[in-house]
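Me: I am new to this structure and would like to learn how to read it. Could you walk me through a few features?
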Amino acid sequence: LKVKLGPRPLVYPIPIVIGGANVHGKPNWVLLGDTGLMGVNPPLIYISLHRDHYTTIGVLENRTFSVNIPHTGMLADADYCGTVSGAKVDKSGLFQAFYGDTGTAPMAEECPVNLECRVVHDFSIQHRHIFVGEVVQAYAGEQYVEERDGKKGLIDMTRLDPILYSLDNQYYSAGKRIGEGYREAGKRKSTA
Ligand SMILES: Cc1cc2nc3c(=O)[nH]c(=O)nc-3n(C[C@H](O)[C@H](O)[C@H](O)COP(=O)(O)O)c2cc1C
């Protein structure tokens with residue numbers, strides 16, 4: 001029997017990320033749960049920002065932003081940038097900013113992985129502003145990279161140690177690896 005929980009967007013787990021944007025020439029950091037992958041080729045992601053957030057001013061100003069994926073050791077700082085606004089508190093020094101080719105999307109050195117994005121589409125819906133970003137470059141700290149079949153890739157996700165979130169308002173760490181994409185279907189017992 002199913003219990004109705006009401007019209008809640010219960011998609012989980014949610015990867016928690018730190019959005020970065022320059023606002024009036026200075027880095028600002030914001031915690032985001034409403035973000036996701038839109039496609040691998042071309043590499044598109046989206047972020048959903050409240051129209052009144054300080055960060056929104058910067059993304060509209062530069063048409064660039066970054067998505068930075070923290071590890072669990074950064075939880076308190078991550079949560080902090082989700083609880084105070086750059087309009088009131090200067091959050092620029094919370095992380096060490098570095099820049100890529102766009103020159104205007106600040107990325108957090110402390111995060112294992114950083115995605116530098118250029119806005120290719122945006123629209124507002126109710127009080128949200130949705131930005132679709134094309135990833136112009138992905139960066140990873142060298143300790144998080146290994147070579148496989150002559151290609152540089154990320155190490156096992158459990159070692160990247162990302163922060164997950166759910167709409168029970170709790171943060172989680174990642175569980176164990178249980179299989180490989182496109183390779184598990186062959187192990188089905190059913191013939192249906
Ligand atoms: C767990 C968590 C997830 C959040 N996700 C989002 C989000 O996806 N979009 C958003 O606009 N705000 C989100 N927020 C709220 C902003 O991070 C917060 O209001 C922040 O202070 C805005 O900062 P700014 O005004 O400097 O941009 C989230 C906050 C928390 C704690």
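Reply: We will look at cysteines, a lysine and a tyrosine in turn. This is a predicted model, in which local features need pLDDT of at least 70, side-chain atom pairs count only at pLDDT 80 or more, and totals for chains, interfaces and linings use all residues. Residues are numbered from 1 along each chain as its sequence is written, and side-chain values use heavy atoms, with hydrogens and water left out.

Me: How many disulfides are there?

Reply: A disulfide is a covalent bond between the sulfur atoms of two cysteines. Here the rule asks for a pair of cysteine sulfur atoms within 2.5 Å, and the count is 0. The nearest cysteine sulfur to that of Cys-81 belongs to Cys-111, 8.7 Å away, which is too far for a bond.

Me: Is Cys-81 buried or exposed?

Reply: Buried means under 20% relative accessible area, exposed over 50%, and partly exposed in between (1.4 Å probe, protein chains only). Cys-81 is buried because its relative accessibility is 1%. Cys-111, at 3%, is buried too.

Me: What does the side chain of Lys-91 reach?

Reply: A polar contact is a pair of N or O atoms within 3.5 Å; within protein, one must be able to donate a hydrogen and the other to accept it, and residues adjacent in sequence count only if both atoms are side-chain atoms. The Lys-91 side chain reaches the backbone oxygen of Val-84 at 2.6 Å.

Me: And how exposed is Tyr-46?

Reply: Tyr-46 is partly exposed, because its relative accessibility is 27%. In space, Tyr-46 and Leu-32 are 11 Å apart, C-alpha to C-alpha, and 14 residues apart in sequence.
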